[in-house]
Structures are given as structure tokens and as C-alpha cells.
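Please look through the following model with me before the points below are taken up.

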Amino acid sequence: MKAARPDATEAADTTALRRVASGEVGALGEVYDRHARSLLAFVARVAGGADAEDLVHTVFVRAARLAATYDGRATSARSWLFGIAAKVMQERRRSFTRGLRALLRVRSSEVAPAEPALGSRRDVEKALATLTEAKRVVVLLADLEGFTCEEIARMLDIPVGTVWTRLYHARRELRAFCEGAS
């Protein structure tokens, strides 16, 4: 959801993050109250609901550490926070992958991968689950959260051309999934 008065949100976010940067960590609660719900929904869609709250809390812990780097030029801290969320999820996935590889190296027998429990999820969630995390993040940021490709590129620290490419392929894969499901 977009704020009705972006100028007020921008000023409030910038002021709160400046206070956090100067040591008043409690001011982060104001930013949390404004943005946690949309971050939680985004993270749950990308990473699944089980870890979503933990990941969002990690985003705000990191935001507290990085508050001094927030430049306040955006409409609100929303895009900055979504960028942090995308990086936190990427780091979590990489960490999980490294741990899984280490466990597989230790075990002498091959382990069959667990089947995901998708029976109760809606078709949209099934379709999103077929995308790579990179594509899923971009399509959710663009099509659901309403960020521009330029904003997404800044959030994820990738070239805008990469955003366009991921978005194109994600949408094409989603269409193919939906055509195959009907």
C-alpha cells in the first residue's frame, strides 16, 4: 500500500532513521509500524511463511545498524527496507545452501530431497514457487509492490537491464505455468 501523503512518510522515515543513527534505537519502532506489514507479506511470498517474521526482524536489526547510510532521497524508507529484505533473504538462502552441501558431504549416502507440501496453496503461490528466488523477488517487487525497475535495481544493487531480463523471464514462466495448469 502506498502512503496517502508520501511527503509526510518521507519526512517521518528520514527523521526517525536519523534519530536511530544518533543512538535513539527506539525511533526504529516508528519505521517498523509503517512498513513491517508490507515487508512481512513480501518476505512470506518469497521465502515462505515459516521464517518470514524472523527475516523481517533481521531486516530491522540491520536497518538500525545501517540507519546512518539512509540518504532520505526516496519517497519513504520502504524501498530501502525492501532492498535490505532482499539481501537478507539472499544471505539466508546462501547460508542454508552451504550448510546443506556440508551435510551432504559428511553423509556417505545420497539423500532424496523432500517434496514440498504445496497441496493447500493457491495456484498463484504454486506458480511463484516455480521461479528462482531472483526472479520471484523481482516479479513480486514490480507487480505486487509497485516498484519501478529502476527502484528495484537500486534496491538489489544490480543493473536495471538485469531487472528487466528477470522480470521478462519470470512473467513468461508464470504465463507458461498458468497455461499448463488450465
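**Note on side-chain pairs and burial**

1. The structure holds eight salt bridges, a salt bridge being a side-chain nitrogen of Lys or Arg within 4 Å of a carboxyl oxygen of Asp or Glu. This is a predicted model, in which local features need pLDDT of at least 70 and side-chain atom pairs count only at pLDDT 80 or more, whereas totals for chains, interfaces and linings use all residues. Residues are numbered from 1 along each chain as its sequence is written, and side-chain values use heavy atoms, with hydrogens and water left out.

2. One of the salt bridges joins glutamate 24 to arginine 19, with 2.8 Å between the closest N and O atoms. Glutamate 24 is partly exposed at a relative accessible area of 38%, and arginine 19 is likewise partly exposed, at 26%; here buried means under 20% relative accessible area, exposed means over 50% and partly exposed lies in between (1.4 Å probe, protein chains only).

3. Arginine 19 also meets the side chain of glutamate 30 in a salt bridge, at 3.0 Å from N to O. This pair links distant parts of the chain, since glutamate 30 belongs to helix H2 and arginine 19 to helix H1 (residues 6–21), eleven residues apart; helices are DSSP runs (H or I, at least four residues), numbered from the N terminus. Glutamate 30 is partly exposed, with a relative accessible area of 30%.

4. A further salt bridge runs between lysine 135 and glutamate 173, whose closest N and O atoms are 2.4 Å apart. Lysine 135 lies in helix H6 (residues 133–144) and glutamate 173 in helix H8 (residues 160–181), so the pair ties together parts that are 38 residues apart in sequence. Lysine 135 is buried, at 18%, while glutamate 173 is partly exposed, at 27%. As for shared partners, salt bridges join Arg19, Glu24 and Glu30 into one network.

5. How many aromatic pairs does the rule give? Rings of Phe, Tyr and Trp (its six-membered ring) pair if their centres lie within 6.5 Å, and planes under 30 degrees apart count as stacked, over 60 as edge-to-face and the rest as tilted. By this rule there are four aromatic pairs. For tyrosine 70 and tryptophan 80, the ring centres are 5.2 Å apart and the planes stand at 55°, so the pair is tilted. Tyrosine 70 is placed in the loop between helix H3 (52–66) and helix H4 (78–106), and tryptophan 80 in helix H4, so the pair ties together parts that are ten residues apart in sequence. Tyrosine 70 counts as buried at 10% relative accessibility, as does tryptophan 80 at 19%.

6. Phe42, Phe82 and Phe147 form one aromatic cluster. Phe82 is also among the residues in contact with serine 38, together with Arg78 and Glu145, when neighbours within four places in sequence are left aside; contact means heavy atoms within 4.5 Å. Serine 38 itself sits in helix H2 (residues 28–47) and is buried, with a relative accessible area of 17%.

7. Which residue has a positive phi although it is not a glycine? Aspartate 157 does, with a phi of about 60°. Aspartate 157 is found in the loop between helix H7 (149–156) and H8, and at 63% relative accessibility aspartate 157 counts as exposed.

Key: Helix = DSSP H or I, 4+ residues; strand = E, 2+ residues; numbered from the N terminus.
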